[in-house]
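Thanks for coming. I will take one structure and go through it piece by piece, starting with a single residue and ending at the ligand.

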Amino acid sequence: MTDTYVLYAVPGWGSVLAEAMLTLCGAPIQIEDVTGFEQPGPARDRLLAVNPLAQLPTLRLPSGAVLTESAAIALHLSERHPQAGLAPPPDAPDRPAFLHRLVWLVANVYPTFTYGDFPERWTDAPDSLRTSTDAHRERLWRQFEADIASHPFGPGPWVLGERFSALDVYVGAMTRWQPRRDWFAEHCPTLSAIAAKVDALPTLAPVWARNFPG
Ligand SMILES: N[C@@H](CCC(=O)N[C@@H](CS)C(=O)NCC(=O)O)C(=O)O
């Protein structure tokens, strides 16, 4: 059986989360580029064949099984590659905070992109939906910032205080999306500092360069 993970990917999109985590695991990755998948066409058809939601990240495991949902991918990789330090061990005191924040990010922040990136899919007033999802996302990030700044493990240098985890990968990648780094620097200094530390991790430098060139 191969040990290669096949990652359906578009540079800079949600696949970057899984690509960074797999890289931290030292796992071999084969990129299946599906650039343009948001429009009907062959790339979308390839993605739909494995993920009926046509979302990234979508990952084919070495076993051949397909795993979608970035939080599921984070948890699975943390179990299969514990040396990568993607998650606190089950009995660690910061494990509940890790689980809460992981699910909180994908349950609250990620949907603002689902509805805000393609507002015309969901409403006849797309500008209004984009404005409200943008505003909601900024409120969420301010809340996350306040949570990190006040939690018993922190603040910093990582989301869980002294312990690096997959949460830092989310912060490193998602702060590159709307409202982008300048906004975080102004309004969420703790998240901004975490993002800078994630940027500086030598292991991840090729991932950021491939996904966010220039
Ligand atoms: N809950 C999913 C959300 C994934 C998601 O929304 N990915 C975006 C890319 S950043 C996407 O594929 N959007 C295309 C679409 O929703 O049609 C996760 O955490 O993996």
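Let us begin with Arg137. At 2% relative accessibility it counts as buried, because the cut-off for buried is under 20%. Keep in mind that this is a predicted model. Arg137 sits in helix H5, which covers residues 126-150. What does the side chain of Arg137 make a polar contact with? The partner is the side chain of Asp134, at 3.1 Å. Leaving aside residues up to four places away in sequence, Arg137 touches Val109, Thr112, Phe113, Gln178 and Pro179.

Next, the sheet. It is open, has 4 strands in the order S2-S1-S3-S4, and its pairing is mixed. Which strands stand at the edges? They are S2, residues 29-33, and S4, residues 66-68; each has a single partner strand, so one side of each has no neighbour in the sheet. From one strand to the next, the twist averages 25 degrees.

As a reminder, strands of a sheet pair through backbone hydrogen bonds, and they do so either parallel or antiparallel. Both kinds can be seen around S1. With S2, S1 pairs in the parallel sense over 5 bridges, and Ala9 stands opposite Asp33 in S2. With S3, residues 58-60, S1 runs antiparallel, joined by 3 bridges. Here Leu7 stands opposite Leu59.

Helix H3, residues 70-80, lies across S1, S3 and S4, and runs at about 120 degrees to S4.

H3 has a number of buried residues: Ser70, Ala71, Ile73, Ala74, His76, Leu77 and Ser78. What covers them? The cover includes S1, H1, S3 and S4, along with helix H4 (95-116) and helix H6 (166-174).

Now a residue from a loop. Asn51 is placed between helix H2, residues 42-48, and S3. Is Asn51 buried or exposed? With a relative accessible area of 5%, Asn51 is buried. Not counting residues up to four places away in sequence, Asn51 touches Thr58 and Thr68. The side chains of Asn51 and Thr58 are joined by a polar contact of 2.9 Å. Asn51 and Tyr8 are 43 residues apart along the chain, and their C-alpha atoms are separated by 10.0 Å.

Which residues are closest to the ligand? Of the 14 residues that surround it, the closest are Gln55, Leu56, Glu69, Ser70 and Arg121. For Ser70, an N or O atom in the side chain is 2.7 Å from an oxygen atom of the ligand. For Arg121, the distance from a polar side-chain atom to a ligand oxygen is 2.8 Å. Taken alone, the ligand exposes 510 Å², and the protein buries 92% of that.

Conventions:
Residues numbered from 1 in each chain as written. Predicted model: local features only at pLDDT ≥ 70, side-chain atom pairs only at ≥ 80, totals over all residues. Heavy atoms only, no water. Pairing = 2+ DSSP bridges. Helix = DSSP H or I, 4+ residues; strand = E, 2+ residues; numbered from the N terminus. Axes fitted to C-alpha atoms, helices over the stretch in contact; angles between N-to-C directions. Contact = heavy atoms within 4.5 Å. Near = heavy atom within 4 Å. Polar contact = N/O pair within 3.5 Å; in protein donor to acceptor, adjacent residues only side chain to side chain. Areas by Shrake-Rupley, 256 points an atom, 1.4 Å probe, with all protein chains shown as cover. Buried < 20%, exposed > 50% of the residue type's maximum accessible area, 1.4 Å probe, protein only.
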